[in-house]
Amino acid sequence: MTRAETKERNRRALLSAAFQVVSRDGYRAKLDEIAERADLTTGAIYSLFGSKNGLVVALVADYLQPYYEEIEHAVPAELDLLEAVDAFARHHRRSCDAPEARSALSLQITLLDMALHDPDLGAQLAASIRSQENHLIALFTGRSHNGSVVTSHQAQRLTTALRALFVGLGQGVTLGLAPGADEQYFADTARALASDMSLIDHDADAP
């Protein structure tokens, strides 16, 4: 095994261990337990991630990347904006029924708690999530809507609104607090957001 392969193997082992420990203990997670589960030392954590916060931020990026890659496959390029939002909403609703949905919600809540206890970590997590959301902004940018083309700024505003909508609805579905929130409900609600011209701020893009 090459040095690069060993480094990647150790990185994956630490991220896997961190997912288990952080999901359970949140901000109380101990680096020595994470290292022990990965059969490595705490020195490896500092070498690969720089700090505990660096490890947590890497964990979030690693967790989100496949999610955004799946969305890109679920939303074809030829759809207009409302059709794309519809496809995105239906994909998100299906993910709420996935076997890992409850563990995903547990991690989501845990990370929020960690961010509240550590403002520096919170800022790093926010930056990481915004970076990942650039995939969604790019996904919606350039699509046709009401006779015009969606700009990057407009797509960003819409992405922010959709994130808030799906976080709330997704939590409700997983916790059994959203009866009747099926794929059609997700799609209808998301399309209503996209149709609201208050989200599509043309003046912001005017020269």
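**Salt bridges and their surroundings**

Modeller: In this predicted model, Asp25 and Arg24 form a salt bridge whose closest N and O atoms are 2.6 Å apart. Asp25 has a relative accessibility of 23% and therefore counts as partly exposed. Arg24 is also assigned to the partly exposed class, because its relative accessibility is 47%. Arg24 has another partner, Glu33, and the two side chains meet in a salt bridge at 2.8 Å, N to O. Glu33, at 21%, counts as partly exposed; the cut-off for buried is under 20%.

A further salt bridge joins the side chains of Arg93 and Asp97, at 2.9 Å from N to O. Here the two partners fall into separate classes: Arg93 is buried, with a relative accessible area of 12%, whereas Asp97, at 55%, counts as exposed. Salt bridges with shared partners also link Asp86, Arg90, Arg94, Glu183 and Arg191 into one network. Across the whole structure, a search finds eleven salt bridges.

Asp97 sits in the loop between α5 and α6. The side chain of Asp97 makes a polar contact of 2.9 Å with the side chain of Arg93. His145 gives a sense of distance across the fold: Asp97 and His145 are separated by 48 residues in sequence and by 31 Å in space, C-alpha to C-alpha.

Arg143 is a case without such a partner. Arg143 lies in the loop between α7 and β1, the strand of residues 144-145. Arg143 is buried but has no salt bridge, and Glu78, the nearest side chain of opposite charge, is 6.7 Å away. What does lie beside the side chain of Arg143 is the backbone oxygen of Leu139, 2.6 Å from one of its polar atoms.

Now the wider fold. The protein chain contains nine helices and two strands, in the order α-α-α-α-α-α-α-β-β-α-α along the sequence. Its C-alpha trace spans about 60 × 45 × 35 Å along the principal axes. The chain has 207 residues, and 39% of them count as buried.

The largest pocket holds about 1400 Å³ of space. Its lining is made up of 39 residues, and Tyr63, Leu64, Ala104, Gln108 and Val167 lie nearest the centre. Several helices take part: α4 (52-74), α5 (81-95), α6 (101-117), α7 (119-140) and α8 (152-175) each supply at least two lining residues. The largest share is ten residues, and it comes from α6. By class, the lining has 25 nonpolar, eight polar and six charged residues.

How values were computed. Residues numbered from 1 in each chain as written. Predicted model: local features only at pLDDT ≥ 70, side-chain atom pairs only at ≥ 80, totals over all residues. Heavy atoms only, no water. 1 Å grid on protein atoms, 1.4 Å probe; cavity = no way out; pocket = protein on both sides within 12 Å on 5 of 7 lines; lining within 4 Å. Points joined across faces, edges and corners; volume = space filled by probe spheres on them. Helix = DSSP H or I, 4+ residues; strand = E, 2+ residues; numbered from the N terminus. Nonpolar A, V, L, I, M, F, W, Y, C, P; charged D, E, K, R; others polar. Buried < 20%, exposed > 50% of the residue type's maximum accessible area, 1.4 Å probe, protein only. Lys, Arg positive; Asp, Glu negative; His and termini not counted. Salt bridge = Lys/Arg side-chain N within 4 Å of Asp/Glu carboxyl O. Polar contact = N/O pair within 3.5 Å; in protein donor to acceptor, adjacent residues only side chain to side chain.
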